[in-house]
Amino acid sequence: MTAAQLAERVRARSSDVVVQRGEAMLVVERDELLEVLAWLRDDPELRLDFLSSVTATDRPGHEPRFWVVYELYSGEHRHRLRVKVGATEEAPRVPTVTGLFPTADWHERETYDFYGIVFDGHPNLRRILLPDDWEGFPLRKTEELGGVNTRYHGAFIPPVDRRTS
Amino acid sequence: MPVERLEGVQTGRSGEQGEEEVKRGVLLSRLDKAVSWARKQSMWPVTFGLACCAIEMMATGAADYDLSRWGMELFRASPRQADLMIVAGRVSQKMAPVLRTVYDQMPEPKWVISMGVCASSGGMFTNYAIVQGVDTIVPVDIYVPGCPPKPEMLMYGILRLHEKVRTEGRVT
Amino acid sequence: MSDLGAHASAELTADSTAELRQETMVINMGPQHPSTHGVLRLLLELDGETVVSCEPIVGYLHTGIEKNVEYRTWQQGVAFVTRADYLSPFFNELAYCLAAEKLLGIEAPPRAQLLRVLFCEMNRIASHLVWLATSGMELGAISMMLYGFREREQILDIFEAATGLRMNHAYVRIGGVVMDLPEGSTGRVGDFLETMTGRIDEYERLLTKNPIWIQRNAGIGVLPAGDALAFGVTGPTLRASGVARDVRRDEPYAGYETFEFDVVTREGADCYARYAVRIEEMRQSLRIVEQCLERLREPGPVMVEDPKVRWPAVLEVGPDGIGNAPSYITHIMEESMEALIHHFKMVTEGISVPAGEVYVPVESPRGELGFYVVADGSNRPSKIKIRDPSFANLQAVPEMVRGGLVADTIAVIASVDPVMGGVDR
């Protein structure tokens with residue numbers, strides 16, 4: 001199915017569907033996430049049974065601050081759909097989808113590691129890529145890039161995040 | 001690091017001690033030279049390939065740019081059996097303690113080549129995740145820049161290290 | 001002393017020894033290990049020599065690429081992402097540039113797409129050669145190491161002539177590729193094609209019917225198709241379980257729909273099947289390279305014309321290497337102030353990409369490599385996420401090694417072919 005047809009089919013169940021750049025995106029509420037994903041997986045015309053990736057985006061100052069993004073793929077029909085769930089700054093919690101898609105295990109751990117989003121019900125929510133005792137969630141926009149300032153002969157080159165160009 | 005002083009073998013680097021050794025006689029200085037020659041002749045690297053530079057290091061050991069010419073194709077897995085550590089690739093913060101542990105497990109004398117810009121200074125990754133130069137963790141003898149350095153560049157670095165070992169005697 | 005002896009014999013009753021035998025041993029394999037394909041750490045729980053459970057611990061090569069790209073311009077991002085999965089740099093670049101082009105709504109010219117396909121397929125062969133070399137060495141076929149890297153040198157020579165670098169090329173750029181092929185490249189690729197076919201047959205003669213190879217690989221690390229899909233496994237590991245899934249066939253990009261090639265599958269779902277799939281994939285890649293060479297006879301532009309997107313330089317091989325052509329330098333320095341200003345702005349400020357988000361998958365040698373890129377209208381990516389195939393494939397490793405021997409763990413990891421640069425990014 002093309003993105004537009006996919007969007008039509010999904011709109012029957014949930015109205016917040018957008019098609020941009022040839023890709024269909026669905027926004028759901030936290031409470032209906034598992035239900036919608038199960039429906040997307042089991043509906044015979046959609047069969048979105050392969051979870052490619054789970055990640056998050058961060059926009060401080062916006063409401064909700066975080067969006068958790070799921071990329072779904074259907075091997076049978078060869079189409080893709082993106083599902084987004086909002087997570088607020090005060091309570092960045094989202095239910096885990098490892099029950100539906102076991103592959104989400106490590107992806108959710110990585111999202112927790114980078115953004116601090118807690119996945120309720122995850123069997124093993126620990127840091128995966130950063131050292132276990134790391135403090136902070138580096139991919140948040142409010143965190144610095146880090147690295148080193150160089151001083152040479154009186155000149156000062158700030159780290160990358162503070163350079164003007 | 002305290003080292004047992006073996007008779008006639010040069011273990012220090014200072015000019016004073018060098019002079020003392022010269023005074024000890026021609027036979028002993030020949031022994032120094034022989035020992036230094038033996039040390040550089042077949043240095044065994046420990047496998048410490050991390051990222052892209054590791055592939056170039058493997059290519060240097062392979063047929064086209066043969067490291068076997070200098071007796072170094074045998075990358076020992078155990079640091080106890082190696083005398084050279086080529087830190088090939090970017091060292092993340094999680095890997096840094098492992099690097100230090102492996103370095104500590106190597107017996108004296110040992111040398112370190114920092115291969116690639118990521119190992120030498122953090123490379124293009126000036127960020128939270130990469131150690132900005134392994135010389136903050138282990139003492140480095142030779143820095144080989146490049147991203148990744150061509151096998152010829154690594155070989156040049158290795159040959160410079162051989163010269164350093166041969167002429168300077170004992171290196172900590 | 002004799003007291004101790006009396007004590008000892010009193011302790012060793014049948015009950016206590018039975019208790020001892022029920023303990024399993026937890027052993028750490030890696031991160032510094034000759035056979036774990038990079039800095040992978042495995043926590044193995046062993047009962048004697050049998051693996052009871054295995055936990056892969058990753059992150060020892062975490063580089064922060066995704067965060068770092070947020071602080072660079074769009075074109076600079078290419079140099080960063082190319083180092084994620086360092087054995088398949090062209091694929092990283094290609095996916096990133098396809099994502100940026102999708103956001104911009106442009107398409108690279110046909111010759112650029114041909115060059116992208118050519119280099120990607122040669123990269124696939126090079127990556128499979130490294131896999132064959134290291135797997136062979138780990139399982140004892142040490143001569144494979146030398147053969148694999150010997151062939152790879154031929155490919156790297158072609159890469160070096162065309163892009164200037166043996167690895168991590170930054171050749172594929174937003175809007176096309178940075179430079180056309182130099183003189184004589186098609187001849188070299190043709191020579192390579194001729195020798196490579198014979199060499200693959202040589203590897204097969206060495207390994208395929210070799211009883212030691214079969215014993216080490218057949219029946220080891222079985223991963224049924226259902227489990228593989230549940231774990232998110234893609235690429236040769238999935239195709240060896242019988243699932244014919246290949247992004248080049250299912251969601252074609254860069255003109256792959258116009259090429260003739262087979263999607264290679266096997267039914268064994270074990271290490272031997274994965275070996276067979278990759279060998280055959282090398283042959284299919286050679287087929288695609290041959291078709292590319294045919295079509296490359298027609299000249300054409302290799303970068304889009306749109307001045308707001310195209311990389312402004314005109315590169316040429318001069319006496320001191322690859323650099324801007326003297327005619328271009330004269331143009332911007334002496335003839336046209338606007339051209340100089342434009343060049344300066346494009347290089348320092350970069351292009352600005354309209355806001356939006358895309359996910360672009362490509363078929364890397366390890367599986368589905370996907371890039372999720374978010375743009376916010378500025379000259380820097382707002383977020384990128386690299387969906388690396390090895391990250392998902394490694395999740396299946398505990399399932400595959402359970403119940404096997406420690407030596408089989410090596411064979412399994414070798415057959416999954418993870419590249420830790422992609423896993424940890």
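**Figure 1. Strands β9 and β10 of chain C are joined by six bridges and run antiparallel.** In this predicted model, strand β9(C) covers residues 367–375. One residue pair in this close-up is Gly370(C) and Arg387(C), the latter being the bridge partner in β10(C).

**Figure 2. Strands β8, β9 and β10 of chain C form an open sheet of three strands in that order.** The pairing within the sheet is antiparallel. Its edge strands are β8(C), residues 356–364, and β10(C), residues 381–387, each of which pairs on one side only. Between neighbouring strands the average turn is 15°, with direction ignored. Helix α5(C) packs on this sheet, where the helix touches β8(C) and β9(C). The direction of α5(C) makes an angle of about 150° with that of β8(C).

**Figure 3. Helix α5 of chain C comprises residues 89–104.** From its first C-alpha to its last, this helix of 16 residues reaches 23 Å, which is close to the 22 Å expected at 1.5 Å a residue. Of its 16 residues, 16 are buried, so α5(C) is largely enclosed by the rest of the structure. Just after the helix stands Gly105(C), which adopts a positive phi of about 75°.

**Figure 4. Chain C contains 19 helices and 10 strands.** The chain has 425 residues, of which 54% are buried. Its C-alpha trace spans about 100 × 45 × 40 Å along the principal axes. When contacts in chain C between residues at least 6 apart in sequence are considered, 69% of them join residues at least 24 apart.

**Figure 5. Chain A is built with three helices and nine strands.** Read from the N terminus, its elements follow the order α-β-β-α-β-β-β-β-α-β-β-β. Buried residues account for 41% of the 165 residues in this chain. Among the contacts in chain A with a separation of 6 or more, 44% are between residues 24 or more positions apart.

**Figure 6. The contact of chain A with chain C takes 28 residues from chain A and 32 residues from chain C.** Four elements of chain A each supply at least two residues to the side that touches chain C: the strands β3(A), residues 50–58, β4(A), residues 66–73, and β5(A), residues 80–87, together with the helix α3(A), residues 104–115. The largest share, six residues, comes from β3(A). By class, the residues on this side of chain A divide into 12 nonpolar, eight polar and eight charged.

Methods. Residues are numbered from 1 along each chain as its sequence is written. Chains are lettered from A and ligands numbered from 1 in the order in which they are written. This is a predicted model: local features need pLDDT of at least 70, side-chain atom pairs count only at pLDDT 80 or more; totals for chains, interfaces and linings use all residues. A residue is buried if 20 or more other C-beta atoms lie within 10 Å of its own, exposed if 12 or fewer, and partly exposed in between; C-beta atoms are placed from the backbone. Two residues are in contact if their C-beta atoms, placed from the backbone, lie within 7 Å. The expected span of a helix is 1.5 Å times one less than its number of residues. Ala, Val, Leu, Ile, Met, Phe, Trp, Tyr, Cys and Pro count as nonpolar, Asp, Glu, Lys and Arg as charged, and the others, Gly among them, as polar. Two strands pair if DSSP finds at least two bridges between them. Axes are lines fitted to C-alpha atoms, for helices over the stretch in contact, and angles run from 0 to 180 degrees between N-to-C directions.
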